[in-house]
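Please consult the sequence and the structure shown below while reading.

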Amino acid sequence: PEMQERLPGWLSTLRLRSSIGQSGRQPGAFDKFTTFAPLTSELGAGLAPAQLGNPGLKPEISTETEMGFEAGMFNNSLSFEFTGWWRTVNDLLVAQQYPPSGGFRQPQLSNIGSMKGNGIELGVRWFAIQNERLTADVYWNGAYLNQTLTSLGGAPPLKVGYIRYRGFLKEGYPLGSL
């Protein structure tokens, strides 16, 4: 109640928010182990290389900071939302293709470096008509995203994606740049 008395008459509500958090993405349960697939032939059963394995795999760690506000004006008939965020990802997990001459043709999950990202989200809502029989509102939102691969841990640019639509992971560029 005290805060409401301090707000200007045209400002109905105001909420400020911020947060910081950290999350991780674990590699699969068997990604660190070398595995083989069953192979059948006319000469009998056998094994074929399936996954190379990477015993040094670590989880990918993402740290994010977010700040924003929500404001309602003119008895909340017009409202605004804004959020800005910043993210850093370390030990980025990427499926990397190793030389097939080693016998393993499947891409192998590897920790390759780090990535930074940031963005903003905006929203405006206008309740044009509000009565007992009819409600109409107009909502607009927009977002901006920027992600850059900051380190490949010394590796050269990596090819990712399908053969026809080949993307690259290259330092200083967004993920999957053509």
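Which residue in S4 is the bridge partner of Arg15?

## Pairing of S1 and S4

The partner of Arg15 in S4 is Glu70. This pair is found in a predicted model. Strand S1 spans residues 11-25 and strand S4 spans residues 60-73; the two run antiparallel and are joined by 14 bridges.

S4 and S5 form a hairpin with 4 residues between the strands. In this hairpin Phe74 adopts a positive phi near 55°.

## Pairing of S5 and S8

S5 pairs in turn with strand S8, residues 114-130; this pairing is antiparallel and comprises 13 bridges. Within it, Trp85 stands opposite Gly119 of S8.

## The sheet as a whole

The strands described above belong to an open sheet of 5 strands, with antiparallel pairing and the order S1-S4-S5-S8-S9. Its edge strands are S1 and S9, the latter covering 135-151, and each of them pairs on one side only. From one strand to the next, the twist averages 10°.

In a regular strand, side chains alternate between the two faces of the sheet.

How values were computed. Residues are numbered from 1 along each chain as its sequence is written. This is a predicted model: local features need pLDDT of at least 70, side-chain atom pairs count only at pLDDT 80 or more; totals for chains, interfaces and linings use all residues. Side-chain values use heavy atoms; hydrogens and water are left out. Two strands pair if DSSP finds at least two bridges between them. Axes are lines fitted to C-alpha atoms, for helices over the stretch in contact, and angles run from 0 to 180 degrees between N-to-C directions.
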